[in-house]
Amino acid sequence: MRKGLLFVLSGPSGVGKDTILKELLKTDLKITKCVTYTTRLPRPGEIDGVDYKFISLAKFEELKKDDALLEWAEVGGNLYATPRDFVERKLEEGEDVILKIDVQGAMKVKELFPDAILIFIAPPSLEVLAERMKKRGSPVEEIERRLKIASREMEMARDYQIVLVNDDLEKTVEKLYEIIKSKQGEVCGR
Ligand code: ADP
Ligand code: 5GP
């Protein structure tokens with residue numbers, strides 16, 4: 001049996017990764033999203049176990065100590081990590097997995113899984129990015145902090161195989177769908 005493919009989706013906070021992923025998962029694409037850990041508080045509407053596994057700093061440290069994290073990173077003062085078990089098991093079982101993680105995490109994953117397919121979602125501009133964060137209900141101080149991080153992250157886009165500008169949501173979802181479908185087709189002619 002073939003091993004699963006690993007897709008990594010990155011891009012600045014507020015660019016639309018979650019929205020894109022949610023739409024993508026409504027399609028007939030055979031792919032599993034990996035729910036990651038975070039120490040940040042849930043935003044309105046976010047559900048534990050669906051959007052993230054929201055955990056305490058103590059629990060995060062425990063998981064790190066137990067080598068249960070495939071990678072971890074600090075982003076904007078909060079900690080985020082990918083569960084090792086889930087990813088390794090799904091890939092072993094032949095399921096394709098998609099990770100929505102930051103640029104530091106993506107580089108680590110690329111080291112561990114050189115065949116991983118890295119996709120960067122870019123905003124049409126930093127102004128548009130700020131608007132989207134506002135729309136999502138992020139506090140002003142957080143928006144300013146995250147915009148600074150975003151400019152640094154945008155420079156990392158050159159290390160990604162694929163860069164998609166999320167201007168029109170529907171078109172971005174369509175393009176991502178086609179990219180994943182074509183990679184899956186390359187492996188086993190599905
Ligand atoms: P991320 O997961 O990258 O942090 P979100 O998916 O939470 O970003 O999106 C941030 C905000 O931008 C949400 O309010 C979402 O509805 C909106 N959004 C996402 N994509 C687009 C788009 N193409 N055009 C306009 N608004 C968008
Ligand atoms: P947010 O707080 O906006 O949901 O996420 C902030 C950043 O952390 C985003 O770039 C998101 O993709 C990233 N992120 C989410 N989960 C993980 C993870 O498990 N590992 C890493 N490295 N980054 C993550």
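Over how many bridges do β1 and strand β7 pair, and in which sense?

**View 1. The pairing of β1 with β7 within the open sheet.** In this predicted model, β1 and strand β7 (residues 97–100) pair in the parallel sense over four bridges, where strands are DSSP runs of E of at least two residues, numbered from the N terminus, and two strands pair if DSSP finds at least two bridges between them. Within β7, Leu99 is the bridge partner of Val8. Five strands with parallel pairing form the open sheet, in the order β2-β7-β1-β8-β9. Because β2 (32–33) and β9 stand at the edges with a single partner strand each, one side of each is left without a neighbour in the sheet.

**View 2. The largest nonpolar core.** This core has 25 residues, and Phe7, Leu24, Ile98, Ile119, Leu176 and Ile180 are those with the most contacts inside it; a nonpolar core is a set of buried (under 20% relative accessible area, 1.4 Å probe, protein chains only) Ala, Val, Leu, Ile, Met, Phe, Trp, Tyr and Cys residues joined through side-chain atoms within 4.5 Å. The element that gives the most to this core is α7, with five residues.

**View 3. The surroundings of Leu176.** Leaving aside residues up to four places away in sequence, Leu176 touches Leu9, Ile20, Leu24, Ile119 and Leu164, contact meaning heavy atoms within 4.5 Å.

**Notes.** Residues are numbered from 1 along each chain as its sequence is written. Local features need pLDDT of at least 70, and side-chain atom pairs count only at pLDDT 80 or more.

Definitions and conventions
Chains are lettered from A and ligands numbered from 1 in the order in which they are written. Side-chain values use heavy atoms; hydrogens and water are left out. Buried means under 20% relative accessible area, exposed over 50%, partly exposed in between (1.4 Å probe, protein chains only).
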